Amino acid sequence: MNAKPRYAILFVCLGNICRSPLAEGVFRAVVDEHGRSSAFHIESAGTGAWHVGEQPDPRSMAVARRFGVDISGQRARQVNKEDFRRFDLILGMDRSNVQTLLSRAPQSATGKIRLFLDHAGGRAVDVPDPYYGGDDGFAAVYHMIREASEALFAKLD
Ligand code: 4NP
């Protein structure tokens, strides 16, 4: 019998095509590497609806693939009301994402909403939006996400 996952985690950015799909894929890879996939339910979503139904940005898919992570099966969706009930931890990629989430969440769910990089212990606060930048931005975002994912896993497991 499958045990219920101990943690349901939702990664959130603006479009759900660049940063949060990477976070979903990389955090899942970290969890898998530790043989703990049954303990975690992991999804991602965007606060905006512009890209709903789309595959992740090709630059996110490329950087993930370069590090052995396949995120091509993901499809963008928008954060919805149910998410605030279903997930234990809702992690915004930047402070603007966190503000948007807090403005939409019922009072009972505001304690679940955090900034992803609060778990990284580094200097950076936000995972910067790489959408309008070049490939360097995506590589930088990948490394920030990898570091934060390992730190988050170490805290939760
Ligand atoms: P993401 O990046 O929030 O990391 O997925 C963006 C993707 C698309 C847009 C903005 C940010 N957009 O404005 O369409």
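Tyr7 lies in strand E1; strands (E, at least two residues) and helices (H or I, at least four) are DSSP runs, numbered from the N terminus. This is a predicted model: local features need pLDDT of at least 70, side-chain atom pairs count only at pLDDT 80 or more, and totals for chains, interfaces and linings use all residues. Residues are numbered from 1 along each chain as its sequence is written, and side-chain values use heavy atoms, with hydrogens and water left out.

**Tyr7**
- Leaving aside neighbours within four places in sequence, Tyr7 is in contact with Ala39, Phe40, His41, Asp88 and Leu156; contact means heavy atoms within 4.5 Å.
- A polar atom of the Tyr7 side chain lies 3.0 Å from the backbone oxygen of Leu156.
- C-alpha to C-alpha, Tyr7 and Ile90 are 11 Å apart in space, and 83 residues apart in sequence.

**Sheet**
- An open sheet is formed by 4 strands in the order E2-E1-E3-E4, with parallel pairing; two strands pair if DSSP finds at least two bridges between them.
- Strand E2 (40-46) and strand E4 (113-115) are the edge strands, and each pairs on one side only.
- On average, neighbouring strands of this sheet are turned by 25 degrees against each other, direction ignored.
- Axes are lines fitted to C-alpha atoms, for helices over the stretch in contact, and angles run from 0 to 180 degrees between N-to-C directions.
- Strand E1 (residues 7-13) pairs with E2 in the parallel sense over 7 bridges.
- Leu10 stands opposite Glu43 in E2.

**Helices on the sheet**
- Helix H5 (residues 135-156) packs on the sheet and touches E1, E2 and E3. The direction of H5 makes about 155 degrees with that of E1.
- Helix H4 (residues 95-104) lies across E1, strand E3 (89-92) and E4. H4 runs at about 170 degrees to E4.

**Ligand site**
- The ligand is surrounded by Cys13, Leu14, Gly15, Asn16, Ile17, Cys18, Arg19, His51, Asp129, Tyr131 and Tyr132; a residue is near a molecule or strand if one of its heavy atoms lies within 4 Å of it.
- By class, this shell has 6 nonpolar, 3 polar and 2 charged residues. Ala, Val, Leu, Ile, Met, Phe, Trp, Tyr, Cys and Pro count as nonpolar, Asp, Glu, Lys and Arg as charged, and the others, Gly among them, as polar.
- A polar backbone atom of Gly15 is 2.8 Å from an oxygen atom of the ligand.
- For Ile17, a backbone N or O atom lies 3.0 Å from a ligand oxygen atom.
- An N or O atom in the Arg19 side chain is 2.7 Å from an oxygen atom of the ligand.

Notes:
A polar contact is a pair of N or O atoms within 3.5 Å; within protein, one must be able to donate a hydrogen and the other to accept it, and residues adjacent in sequence count only if both atoms are side-chain atoms.
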